[in-house]
Amino acid sequence: MSADPAVPAGRAGHVLILGGTTEARRLAEALAREPAYASSYRVTNSLAGRVGSPVLPPGETRIGGFGGVEGLAGWITAHGVTHVVDATHPFAERMSFHAAGAEALTGVPTLALRRPGWTPGPGDAWTFADDLAGAAAVLPSLGGRAFLTTGRTGLHSFAHLTGTWFLVRSVDPPQGPVPPRMETLLARGPFGLAEERELMARHRIDVLVTKDSGGEATAPKLTAAREAGIPVLVVRRPPVPRGVACAESVEAALRWLGGTRR
Ligand code: NAP
C-alpha cells in the first residue's frame, strides 16, 4: 500500500481503535507499517477483554470497558485522541452506539469500520432470523444436528432446545446456561474450506447457524454448507447508529485518516 500524501508530516494525531476484530488488527498493522502514517499517528488499540489470550496488534493496547459513553468521552479527551475508529464486530452493538455518543460529546471525528455482510448465492439455502432468540425458534424446523458458530455469549438463547444436538465452536469455553446436548470445539479462525467440510461431515451436521459477520476468515463454512446441501440459519446484523461516517475496508479507513485532520 502506498503512503497517503494527504497525511502531513509531524506526529500530530492519536488514533483510538476500538477493536476485537481482524479489521482492527489489520488497520493497526497498516498504521505501524506505512511510514507516512507511523510518523503521523500514535495508535491505541482498545479491547473489551472478553478473550483470554488475545492476539495483540502493534501500537499501545488498553483492555477493558470505558464505563459507558461518558467514560469513553472522558478517555478520548484525557488522552488527546484526534480520531476514533470503531472497528468492533458488527454484532458489538452497544460499543458502536457508545462510540457515536462519544463523538457527539467530544466532537472528535469517528469512523465506523464495518466489513460488508454476506449474501447468499446460487445453491445456498439460507433462512434469516432477527436475533438469537428468533434463530432458536426456527432452528428445530431446519435440522437436528446444528453447527453453532454464533459465539459463546449467546448460548443461553438455545439452552431450552432439548431435541437438538449442538456442535459449538468458540474461542473460549462457554459459560452460563447452555443446551443440554452439546459438544464444544475451542478454536480461533481463520478456518479453511477443507477443515470445515471435514468437521461438518464428521459430526453429521444438518444445519449451520451463524451471525452475518461478513469477512473471509469464517466464510468457508458457508461454502461447505452449500456443497453438502446443508441449510444455513443466518442472524441479521443489529442496527447501526445513524449519522456516523462509515468505511467498509481498512484501505478506506486509511484514506479517511489521511483526509480527516483537525
Ligand atoms: P458490546 O455488547 O457492544 O459491548 C459491551 C461493553 O463492552 C461495552 O459497553 C464496553 O464497555 C465494552 N467494550 C466492547 N468493546 C470494547 C472495546 N473494543 N474496547 C473497550 N471496551 C469495549 O460488545 P460485545 O458484543 O460484548 O463484544 C465485545 C468485544 O468482542 C468487542 O470488542 C467486539 O469487537 C469483539 N467481538 C464481538 C463479537 C460479537 O459477536 N459480538 C464477535 C467477535 C468479536 P463500557 O460501556 O464499560 O465501555
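Helix H3, residues 68–78, lies across E1, E2, E3 and E4 and runs at about 155° to E1. Contact here means heavy atoms within 4.5 Å; axes are lines fitted to C-alpha atoms, for helices over the stretch in contact, and angles run from 0 to 180 degrees between N-to-C directions. Helices (H or I, at least four residues) and strands (E, at least two) are DSSP runs, numbered from the N terminus. Keep in mind that this is a predicted model, where local features need pLDDT of at least 70, side-chain atom pairs count only at pLDDT 80 or more, and totals for chains, interfaces and linings use all residues. Residues are numbered from 1 along each chain as its sequence is written, and side-chain values use heavy atoms, with hydrogens and water left out.

Now for the sheet under that helix. It's an open one of six strands, ordered E3-E2-E1-E4-E5-E12, with parallel pairing. Strand E3 (60–63) and strand E12 (245–247) sit at the edges with a single partner strand each, so one side of each has no neighbour in the sheet. On average, neighbouring strands of this sheet are turned by 25° against each other, direction ignored. Helix H1 (residues 22–33) packs on the sheet as well, touching strand E1 (13–18), E2, strand E4 (83–86) and E5, and its direction makes about 160° with that of E1. Two strands count as paired if DSSP finds at least two bridges between them.

Glu 251 pairs with Arg 26, their closest N and O atoms being 3.5 Å apart. That links distant parts of the chain, 225 residues apart: Glu 251 is in helix H8 (residues 250–259) and Arg 26 in helix H1. The whole structure has ten salt bridges.

There's a second open sheet of six strands, again with parallel pairing, in the order E6-E11-E10-E7-E8-E9. Its edges are strand E6 (126–129) and strand E9 (182–186), each with a single partner strand, so one side of each is left without a neighbour in the sheet. The twist averages 20° from one strand to the next. Strand E8 (residues 165–170) pairs with E9 in the parallel sense over five bridges, and Arg 169 has Leu 185 in E9 as its bridge partner. Helix H7 (residues 220–228) lies across E6, E8, strand E10 (207–211) and strand E11 (232–235), at about 155° to E10.

Two loops around here deserve a look. Most residues other than glycine have a negative phi, and most peptide bonds are trans. In the loop between E9 and helix H6 (193–202) you'll find Pro 190, joined to Gly 189 by a cis peptide bond with omega about 5°. Arg 204, in the loop between H6 and E10, has a positive phi near 50°.

A search of the whole structure finds three cavities of 30 Å³ or more. On a 1 Å grid over the protein atoms alone, a cavity is a set of points where a 1.4 Å probe fits but cannot get out, and lining residues have an atom within 4 Å of a point. Grid points are joined across faces, edges and corners, and a volume is the space filled by probe spheres set on the points. The largest cavity holds about 70 Å³, and H4 gives the largest share of its lining, three residues.

Methods
On a 1 Å grid over the protein atoms alone, a cavity is a set of points where a 1.4 Å probe fits but cannot get out, and a pocket is an open set with protein on both sides within 12 Å along at least five of seven lines; lining residues have an atom within 4 Å of a point. A salt bridge is a side-chain nitrogen of Lys or Arg within 4 Å of a carboxyl oxygen of Asp or Glu.
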